[in-house]
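Here's a quick tour for anyone meeting this structure for the first time. Have a look at it, then read on.

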Amino acid sequence: MGRRLTLYILVGMVLGILVGWALHATLAADDPRLLQWSDYFRLLPDVFLKLIKMIIAPLVFATIVTGISGMGDSAALGRIGGKALGWFISASLISLGLGLVLVNLFKPGVGAGLDTGADLGKLDVGELTLRHFILEIFPSSAVDAMAENNILQILVFSLFVGVGLTAIGERGAIIVKVSEALSELMLQVTDYVMRFAPFAVFGALASVIATRGLGIIVTYGVLVSEFYFAMLLLWLLLFLIGGIFLRGRIVTLFRYIREPLLLSFSTASSEASLPKLFEQLDRFGVPRRISGFILPLGYSFNLDGSMIYMSFASIFIAQAYGIHVPIGTQILMLLTLMVSSKGIAGVPRASLVVIAATLTQFGLPVEGIALLLGIDTFLDMGRSATNVVGNAVATAVITRSEGMLQPLVDPEEEMPRAPTHSSSEGRRGLNIDPEQYEG
């Protein structure tokens, strides 16, 4: 299974849809057995996501600490971080702008005639202020940050530890070795957990289709199809921009990340694919000292799929209510979404929370979110996969710009250890790809 995971995930997806459809067709909507079967199926993805969350904190900590201590160069760390943030901001603006243009072009909400009296349900909007954002960055306790899987806070703590280990030199060598061992251990545990992924995919789709049926996709078919077209266009833009730096290797990148993409899409969770994405970028030639720093940062600041969804959904709600939003106001909404979305790490139901806050600020009906709740799972599948694409391209491009991209390893080949190479001083210890780096 470990060597043919993509095939098994696809099989799980097909079986999940078929079983869910069969249950929906044979049992009445109010039949308690339908809900019972749906709960049973939902156990599979719930267990899988718990296992993934079990891995993330030690994996992120170990990879960042090992990567930074392996760089041995604070200037390189600052340079890579600056490039990453520059890419993240640019990609976010492109995603938001593309969503804004396409939702005005397609006008999916105009004349929709949707029931706006639907119950919104409980929506915890939390805080989305500048104060909250800044405080959320810094952990009051490293243990709490890891217990809560707050990736941004784990990143900050790991940065301090990694830089500190670089400063104390040989005295911290034992901790570096422990971090390297922990990183390899988590990779091995990841391999075990990933073998459960096809069952999780089966359960997730069977549960959704059993309770809601295939009809919900038809009911909101226009919105779903236009949103997915927007995301595919964003994928094309990201790969075209990445191709400027990676040239023909950008096509190979897509082949290498297909398993993380399928995992995120089928479980509607970007987080589910993070351990597998680390592993596949290892094979693509990205050193852990780079991916271990950029990916956790990207999972907090580079959510391209969520960006395009928020701009698309906000204007869709206005259109559904027949409210005209001037282009100047739309641009202000775009900038508001751009800033507020950077503070959503750890906030429940992140994308919907930011949309609710933005609608309230601009006087639009927040209850319009009820229009999206019925299909949010299907939309979330697409935006989760898009987040993976955005972070994979960003990591590969920044690695190439640093001249640290290594030769490809077969995506199916067993890798007993990540190509971390703890020798210090930038490129030392790396097997640099001669076709990607000269000099």
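Let's start with a helix: in α6, the buried residues (under 20% relative accessible area) include Ile151, Leu152, Val156, Ser158 and Leu165. Helices here are DSSP runs of H or I with at least four residues, numbered from the N terminus. Keep in mind that this is a predicted model, where local features need pLDDT of at least 70, side-chain atom pairs count only at pLDDT 80 or more, and totals for chains, interfaces and linings use all residues. Residues are numbered from 1 along each chain as its sequence is written, and side-chain values use heavy atoms, with hydrogens and water left out.

**Helix α6**
- α6 covers residues 151–168, and its end C-alpha atoms sit 26 Å apart.
- Just after α6 comes Gly169, with a positive phi of about 65°.

**Nonpolar cores**
- A nonpolar core is a set of buried Ala, Val, Leu, Ile, Met, Phe, Trp, Tyr and Cys residues joined through side-chain atoms within 4.5 Å.
- The largest one has 113 residues, and Phe48 and Leu253 have the most contacts inside it.
- A second, separate core has seven residues, among them Leu27, Leu34, Phe41 and Phe202.

**A buried threonine**
- Thr386 lies in helix α19 (residues 376–401), and it counts as buried because its relative accessibility is 0%.
- Leaving out residues up to four places away in sequence, Thr386 touches (heavy atoms within 4.5 Å) Met231, Leu234, Trp235, Asp304 and Gly305.

How values were computed:
Buried < 20%, exposed > 50% of the residue type's maximum accessible area, 1.4 Å probe, protein only. Helix = DSSP H or I, 4+ residues; strand = E, 2+ residues; numbered from the N terminus. Expected span 1.5 Å × (residues − 1).
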